[in-house]
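Hello,

Here is the structure I promised to hand over.

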Amino acid sequence: MLLSAPLRHLPGLLLLLWPLLLLPPLAAPGRLARASVRRLGTRVPGGSPGHLSALATSTRAPYSGGRGAGVCKSRPLDLVFIIDSSRSVRPLEFTKVKTFVSRIIDTLDIGATDTRVAVVNYASTVKIEFQLNTYSDKQALKQAVARITPLSTGTMSGLAIQTAMEEAFTAQAGARGPMSNIPKVAIIVTDGRPQDQVNEVAARARASGIELYAVGVDRADMESLKMMASKPLEEHVFYVETYGVIEKLSARFQETFCALDQCMLGTHQCQHVCVSDGDSRHHCECSQGYTLNADGKTCSAIDKCALSTHGCEQICVNDRNGSYHCECYGGYTLNADRRTCAALDKCASGTHGCQHICVNDGAGSHHCECFEGYTLNADKKTCSVRNKCALGTHGCQHICVSDGAVAYHCDCFPGYTLNDDKKTCSDIEEARSLISIEDACGCGATLAFQEKVSSHLQKLNTKLDNILKKLKVTEYGQVHR
């Protein structure tokens, strides 16, 4: 009997739909994740980069998907996908794997300062499709994922992990160092049993700080997945029975990489430091030199000087920012260690202020003194003349006699007499003989002068007589011619 056209195509349609009708649901949450949640990068012992949050249970509100969703923003990661493209992965299934990778990328903030992504493709050989520093644009990154082709033969999972550890998670390839506090995360997707040893190389990868997630599909060996993944295993091992549902795991990883804590959102109200504790919890801490107040949010400067742990030898001074510095008493200077003090020799430094003499007393102190003949004034720095005779500048030949603070006169030894200059002295006997000689010389000179004058007068009188005779001067002064 001839069937109508729609009925003729019914068997083929049923054949296409039949696998989808038989697809199992995702594994139960108990198999995939624990109910407890730990946020990406929280503090853990030993300096490890921190566990990623567990895959959320069905009770958590789903992520809305956009960057403006408001409650979720991915934390920066160095993320490497290690994907199995062996012969057992059919082309359509490999496309599903690439879609799974692209959907996870969609949920991340991609960029040089945000999440960086690399892809390691493996089968019997390993190929790094692109490194962490190859793409910083999300669209270009997704296009690069779409161009990946399968390698076909073999399942060398151990070699793939080793290549990712030694070539993808390096600074040259774009991985950021431990000081950046950016987690290194690898997600390996495989559907078979590894053909090489994975236990040792996976342990080395984890020890180097790489957090490993293992996603098994179909015939994947569960024990091998557990050997590869980080602990706790229930947070890092996933299994789906077909590639047809692997895409749904992207939503689980989306929540794994989602920051739901107030520290990331900036709504924590901590004055100094916000520390995420996971499960959307956080607590506040203070910068060095401060202590957390009773409100659990604000900080007050610690009085380190009052704690007596400052180490200052003499004086501790609190600074405004909760720190302190050391100072020294007057007469001391701070040493290079900024804590201890050394006595300052003001006499040597020339800062003493003494007019005459500075005397160092040790222990950073000093006093002033004056030269001989001077006395220290009340200011203990300047000096005044006490005895000019004592200064040695009086000029007296024999004896200087002080007449007070500023006056003096000279005197002579016995047998001497003070000269007219009031400073030098002469022997009395010598002075007397000198006077006698001078007197004798003086008398002779006087007699000689007198004789000379008399001689001149006689000559004048003689001349006058001669003139009068010629003029015939009379007794009464009349002149007769």
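Buried means under 20% relative accessible area, exposed means over 50%, and partly exposed is in between, with a 1.4 Å probe and protein chains only. Before going on, please note that this is a predicted model, where local features need pLDDT of at least 70, side-chain atom pairs count only at pLDDT 80 or more, and totals for chains, interfaces and linings use all residues. Residues are numbered from 1 along each chain as its sequence is written, and side-chain values use heavy atoms, with hydrogens and water left out.

**The sheet**

F130 in β4 stands opposite V119, and I128 in β4 has V120 opposite. Strands β3 (residues 116–122) and β4 (residues 126–130) pair in the antiparallel sense over 4 bridges, and they form a hairpin with 3 residues between them. Strands here are DSSP runs of E with at least two residues, helices are runs of H or I with at least four, and both are numbered from the N terminus. Two strands count as paired if DSSP finds at least two bridges between them.

**The aromatic rings**

How many aromatic pairs does the structure hold? There are 6 aromatic pairs. Rings of Phe, Tyr and Trp (its six-membered ring) pair if their centres lie within 6.5 Å; planes under 30 degrees apart count as stacked, over 60 as edge-to-face and the rest as tilted. One of the pairs is F100 with F253, edge-to-face at 6.1 Å centre to centre and 70° between the planes. This pair links distant parts of the chain, with F100 in helix α4 (residues 91–106) and F253 in helix α10 (residues 249–256), 153 residues apart. F100 is buried at 0% relative accessible area, and F253 is buried at 0% as well.

F130 also has a ring partner: the centres of F130 and Y135 are 5.2 Å apart and their planes stand at 85°, so the pair is edge-to-face. Y135 is partly exposed, with a relative accessible area of 22%. One aromatic cluster is made of F100, Y213, F238, F253 and F257.

**A cavity and a loop**

A search of the whole structure finds 2 cavities of 30 Å³ or more. A cavity is a set of points on a 1 Å grid over the protein atoms alone where a 1.4 Å probe fits but cannot get out, and lining residues have an atom within 4 Å of a point. The second largest cavity holds about 30 Å³ of space, a volume being the space filled by probe spheres set on the points, which are joined across faces, edges and corners. Among its lining residues are I82, I161, F169 and L212. Helix α6 (157–168) and strand β6 (210–217) each supply at least two lining residues, and α6 gives the most, with 3.

Finally, D191 lies in the loop between β5 (184–190) and α7 (199–207). D191 is buried, at 1% relative accessible area. D191 and G216 are 25 residues apart in sequence and 5.6 Å apart in space, C-alpha to C-alpha.

Happy exploring!

Key: 1 Å grid on protein atoms, 1.4 Å probe; cavity = no way out; pocket = protein on both sides within 12 Å on 5 of 7 lines; lining within 4 Å.
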